[in-house]
Amino acid sequence: MVSEFLYILLALVMLGVLVTVHEFGHYIVGRLSGIGIVEFSVGMGPKIFGWKRKGIAYSLRAIPLGGYCSFVGEDEENAASNAMNNQPVWKRLLTVLAGPGMNFVFAIVVAFVLLACFPFYESVPDIYSVEEGTPAQTAGLMAGDTIVEINGLEIAEDYAGVTMVTQMIRQNPEEKISLVVERDGERISLEVTPALVGTEDGQPVYQIGIVFGAREFRYSLGQALSYAPRYCLEVLKAMLESLKNLIFKGEGVQDVGGPVAIVSMISTAAQNGVDWILDLLVIISLNLGLMNLLPIPGLDGGRVLFLLIEAVRRKPIPREKEGMVNAIGVLLVLGLIVLVTFQDVARLIAG
């Protein structure tokens, strides 16, 4: 019970770190742009302690669920020369975009640490096991065999080779496939016919009944530095695809989660090891950055939209109108959070 509480506490702190990183992006770019800052807070709720430096209030608060950065003239008219409302559009735009941008940078840094410090496992075209009563067993394939050719094409000894074999099986349902395997230093030619094993997304799935083996490998520092941004980009592409399907097709509505789901996932990952935590941090940080860029009033994306309209019109939208729209947006976002929180709690109760 105590350990579960500590995992949940750790999850809350980590979620708070991600939100604080986001707010720090606003803070650092705003300060470099000469925009006045009222307060930068780590945490929410009652203040534990705080101090002032160069006119900026800094505070640590009791609830470890993020933080905030408050600017001079952010949501109201202010005559001060350093007020946000008196700054050029480009300065305000950079300051707003810096929050999501910092989440993306943080994700790349965490991905680099993950890739550089932990081993990974890659599927290889070695047969780990052969299932009973399958075409592979009938054809004479055995555990320990290495597939070196398929239909006369040479197979790479890595994940690309596994992908090639898998695709060839899917593309040739119920047709004989010629394989060459290496067994005890000898090459053996075999023929196997993929069989229907079920359906996936309404499509028939054909397999031959083998499980591929895997090998451990590590990224060098140079490889980790090179691959970390690409890894984050791949995750972002998958997120955008899911978001598109959610908006236009309604797919995945039942899987949408809020803060409770995130805390639950982080606490579960913490029990599986540091590498699981880092991988989840990458995903959540990228997700936080992406969601904040959506053109929804009350989010950074909504502010960006207003700034772009101002740049085109060459005059600002009246503050009271912008404030009203943002307030409505915040209420809608809070309502959505409450809704998904109920859904998260229901899922936890249901196990």
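1. Helix H8 is followed by Arg 314, whose phi is positive, near 65°. Helices (H or I, at least four residues) and strands (E, at least two) are here DSSP runs, numbered from the N terminus. The model is predicted, with local features requiring pLDDT of at least 70 and side-chain atom pairs counted only at pLDDT 80 or more, while totals for chains, interfaces and linings use all residues. Residues are numbered from 1 along each chain as its sequence is written, and side-chain values use heavy atoms, with hydrogens and water left out.

2. H8 itself comprises 14 residues and reaches 20 Å from its first C-alpha to its last, close to the 20 Å expected at 1.5 Å a residue. The expected span is defined as 1.5 Å times one less than the number of residues in the helix. Its buried residues are Asp 300, Gly 301, Gly 302, Arg 303, Val 304, Phe 306, Leu 307 and Glu 310. Buried denotes under 20% relative accessible area, exposed over 50%, and partly exposed in between (1.4 Å probe, protein chains only).

3. Most residues other than glycine have a negative phi, and most peptide bonds are trans. Lys 54, which is not a glycine, has a positive phi near 55° and lies in the loop between S1 and S2. Lys 54 counts as exposed because its relative accessibility is 67%. Asn 151, also not a glycine, has a positive phi of about 50°, and its place is in the loop between strand S4 (146-150) and strand S5 (153-154). With a relative accessible area of 35%, Asn 151 is partly exposed.

4. Helix H5 (residues 221-249) has 29 residues and spans 41 Å from its first C-alpha to its last, close to the expected 42 Å. H5 bends by about 35° at Tyr 227, and a proline, Pro 229, follows within four residues. The bend is the angle between axes fitted to the seven residues ending at a position and the seven starting there. Buried positions in H5 include Ala 224, Tyr 227, Ala 228, Tyr 231, Val 235 and Met 239. An α-helix has 3.6 residues a turn, so residues three or four places apart point the same way. Helix H2 (89-117) and helix H7 (274-292) are among the elements that cover the buried residues of H5.

5. Asn 292 lies in helix H7 and is buried, with a relative accessible area of 14%. Leaving aside neighbours within four places in sequence, Asn 292 is in contact (heavy atoms within 4.5 Å) with His 22, Pro 100, Leu 299, Asp 300 and Gly 301.

6. The structure holds nine salt bridges. A salt bridge is a side-chain nitrogen of Lys or Arg within 4 Å of a carboxyl oxygen of Asp or Glu. Glu 39 is buried at 14% relative accessible area, and Arg 61 is buried at 15%.

7. Arg 303 forms a salt bridge with Glu 74, the closest N and O atoms being 3.9 Å apart. Arg 303 belongs to helix H8 (residues 300-313) and Glu 74 to the loop between S2 and H2, so that distant parts of the chain, 229 residues apart, are linked. Glu 74 counts as partly exposed, at 21% relative accessibility.8. The side chains of Glu 191 and Lys 176 also meet in a salt bridge, at 3.9 Å from N to O. Glu 191 lies in strand S7 (residues 186-192) and Lys 176 in the loop between helix H4 (159-171) and strand S6 (177-183), so the pair ties together parts that are 15 residues apart in sequence. Glu 191 is partly exposed at 47% relative accessibility, whereas Lys 176 is exposed at 61%.

8. Leu 179 is found in strand S6 and is buried, at 3% relative accessibility. The C-alpha atoms of Leu 179 and Ser 189, ten residues apart along the chain, are separated by 5.8 Å.

9. Val 42, Ile 48, Phe 49, Trp 51 and Leu 60 form a nonpolar patch on the surface, with about 460 Å² of accessible area together. Patches are made of residues with over 30% relative accessible area and no salt bridge, like charges being joined within 9 Å and nonpolar side chains (Val, Leu, Ile, Met, Phe, Trp, Tyr) within 5 Å. Accessible areas come from the Shrake-Rupley method with a 1.4 Å probe, and for residues only the protein chains shown count as cover. Strand S1 (residues 37-53) gives the most to this patch, with four residues.
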